[in-house]
Amino acid sequence: MTASPIRLGISRCLLGDEVRFDGGHKKDRFLTDILGRYVEWVPVCPEVEAGLGTPREAMRLVGDPHSPRLLTIKTGRDHTEALNHITKHRIAELKKLDLSGYVFKKSSPSCGIDQVNIYDKYGLFSQNGAGIYAKAFVEQFPLIPVEEEGRFYDPAIRENFVERVFSYRRFQDLIHNEPTSQALLRFHRIHKYLLLSHSPQHYDAMDRLIGQADRPPLKELAARYGALFMRTLAVKATVRQQVNVLHHIVGYFKTRLKTREKEEIFAMIDDYHRGLIPLLVPVELIKRHVRMFEVEELRDQVYLNPDSNELMLRICP
Ligand code: SF4
């Protein structure tokens, strides 16, 4: 369904490149062997690109938690300016690459998204914050889905990241084609059940935004829609909400089902509800009926027809 390749930024050490302060790497097999089959990586090591060399003295964040300095631990050398400089340069380059997501190395004073230790001037832990490069990236690209390595072993986090990346790619494709209001409306329509599975409240807000009589100019409307779209997908899709969506969808053709078929579908939804089978099982069965009954309203719903690569990633062990 996506028209362009999925391009993701990544902390370079996660791909197995020996760029860490100790000359080692932090290769992550899920990223290299599984996710890497479906995406194009854009590796960045801000510390190496800032000219700090490998190996190099270990560093940490020190000082004001809102604007900490990057200091070497033993000798106290301040590398903040070098890192700020390369960050600015790299972010300008990344703007041209149309990234659909980013995977950061956790806990790094340059690359960690949060939970990075910040110390006071006495060397005592003061609070957690973000690495210098990661913080600037998130500020510059607030819609781009980001995640930290290590969290992908939680299936729910992995699924949500994959779903947001592919959804964002579709939104980027929409925007690059200078959408008409009809195209934006269609985009909203085909994502209806996906959005409802995350948050009916957010979906209603998007509906209101798109339907208001005194709508802002299209470009501004699309930008506001995109922000809300990504915020909605970041809300955790609960099992209960998924079950509501499945019931809602079945409502379109329930009266056309034979008793046995109806029982089969509802038993399957119930099994999913109780955690006995994955969501994909009732979705596939429902999809068969949507095709058979030619339910026009559901035919092109992304919820029922995810991108095949997205699907592979979501079901991989
Ligand atoms: S965490 Fe970031 S700065 Fe550190 S080695 Fe990996 S890519 Fe380089």
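With 10 C-beta neighbours inside 10 Å, Glu178 counts as exposed, a class given to residues with 12 or fewer other C-beta atoms within 10 Å of their own, against 20 or more for buried and values in between for partly exposed, with C-beta atoms placed from the backbone. This is a predicted model, in which local features need pLDDT of at least 70 and side-chain atom pairs count only at pLDDT 80 or more, while totals for chains, interfaces and linings use all residues. Residues are numbered from 1 along each chain as its sequence is written.

Glu178 has phi near 45 degrees, a positive value in a residue other than glycine, and sits in the loop between helix H5 (155-176) and helix H6 (181-190); helices (H or I, at least four residues) and strands (E, at least two) are DSSP runs numbered from the N terminus. Glu294, in the loop between helix H12 (280-292) and helix H13 (308-315), likewise has a positive phi, near 50 degrees, and is exposed, with 9 other C-beta atoms within 10 Å.

## A cis peptide bond

Most residues other than glycine have a negative phi, and most peptide bonds are trans. The bond from Thr54 to Pro55 is cis, with omega near -5 degrees, and Pro55 belongs to the loop between helix H2 (46-49) and strand E3 (59-62).

## Two domains

The domain assignment, automatic or from a database, gives domain 1 (7-152) and domain 2 (154-317), whose C-alpha centres lie 33 Å apart. In contact (C-beta atoms, placed from the backbone, within 7 Å) are 13 residues of domain 1 and 15 residues of domain 2.

Notes. Two residues are in contact if their C-beta atoms, placed from the backbone, lie within 7 Å.
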